[in-house]
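Colleague: Hi, could you walk me through this one? I'm new to it.
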Amino acid sequence: MTLNTRPLTPSVGLEVLGVDLRHIDMPQVADLASCLDRASALLVRGQTLTPRELVAFSRRLGTLDEAPVNETGKTVVEGLPELYVVSNIKDANGVAIGSLGAGEAVWHTDMSYLENPPDASALYAIEIPSEGGDTWIAGMAAALDAMPAGLRARIEGRRIKHDGTYNSGGYVRQGVTPTDDPLTAPGALHPAIIQHPRSSREALYLGRRRNAWIEGMERAKSDALLDALWAHATRPEFTYKHRWQVGDLLIWDNRATLHRRDPFDPAARRLMHRTQISGKSIPISA
Ligand code: SIN
């Protein structure tokens, strides 16, 4: 190990101390990747990354996905198609420069409505409000480890439909017809319990609650079981709440975490840049 780290909580996350991500060497990149495998989320404070430097650092963790089109139909940053802007700030024409506004972003894992979702996401703070806008991470390996056996038995071998209609801010995705029927909604089916391809650790894989459905189950039964799973998965002991400082980079493993964001004052400014490390394989059943 070449990195100095300390746990963020007993169940999820490590803070990596004393590194400048613009200048880390190959052994440190390998250590970062294995810390992420182990802790499912990493915090690195005190960075000064230009958009290009954020993309260059993220690329060292893997191939990057191009940013999805945001709610206003933009793919955003000129010359950097991998960079996604999360912001409530509006341009001179009153159009949001990024996604997700100032409201709550509900618990979710990124883009699991795709067959092959991104392995990890990196979110970098450029402007933050004086209060609100905290980001929460929940560790899904810890949640599965602590799951009552009876609850686990009800989802073993099952698949969950992950909805592609709405994003975590409740906005309808570009080009999608709104629906609240999970059976016909766009999305993907993934195993409810997956195995991490690098650490081999098992994790609960829920995606997002809205429009979710447990394949083959009658709707009311599926909803009741999903509610029980979500209540368990988001228990405080599995979560870390991140209060942002400018220059923080938070990286989470989408195969082992959920995340959400607190709302904040719409009159305040919040500007974050996000990159996503492409999925190397579809989520595999444990
Ligand atoms: C996200 O859900 O990807 C963004 C979270 C945040 O804005 O803190």
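Colleague: Thanks! How far is an oxygen atom of the ligand from an N or O atom in the side chain of His-259?

Modeller: That distance is 3.2 Å, which is inside the limit for a polar contact, a pair of N or O atoms within 3.5 Å. Keep in mind that this is a predicted model, where local features need pLDDT of at least 70, side-chain atom pairs count only at pLDDT 80 or more, and totals for chains, interfaces and linings use all residues. Residues are numbered from 1 along each chain as its sequence is written, and side-chain values use heavy atoms, with hydrogens and water left out.

Colleague: And how far is a polar side-chain atom of Thr-135 from an oxygen atom of the ligand?

Modeller: For Thr-135 it is 2.5 Å. Arg-274 also has a polar side-chain atom 3.4 Å from a ligand oxygen. The protein covers 100% of the 260 Å² of accessible area that the ligand has on its own (Shrake-Rupley method, 1.4 Å probe).

Colleague: Which residues are around the ligand?

Modeller: Among them are Val-86, Leu-100, His-108, Asp-110 and Arg-270; the cut-off is a heavy atom within 4 Å.

Colleague: New topic: what lies over the face of Tyr-166?

Modeller: That's Arg-210, at 3.4 Å from the ring centre. The rule for a charge over a ring asks for NZ of Lys or CZ of Arg within 6 Å of the centre and within 35 degrees of the ring normal.

Methods
A polar contact is a pair of N or O atoms within 3.5 Å; within protein, one must be able to donate a hydrogen and the other to accept it, and residues adjacent in sequence count only if both atoms are side-chain atoms.
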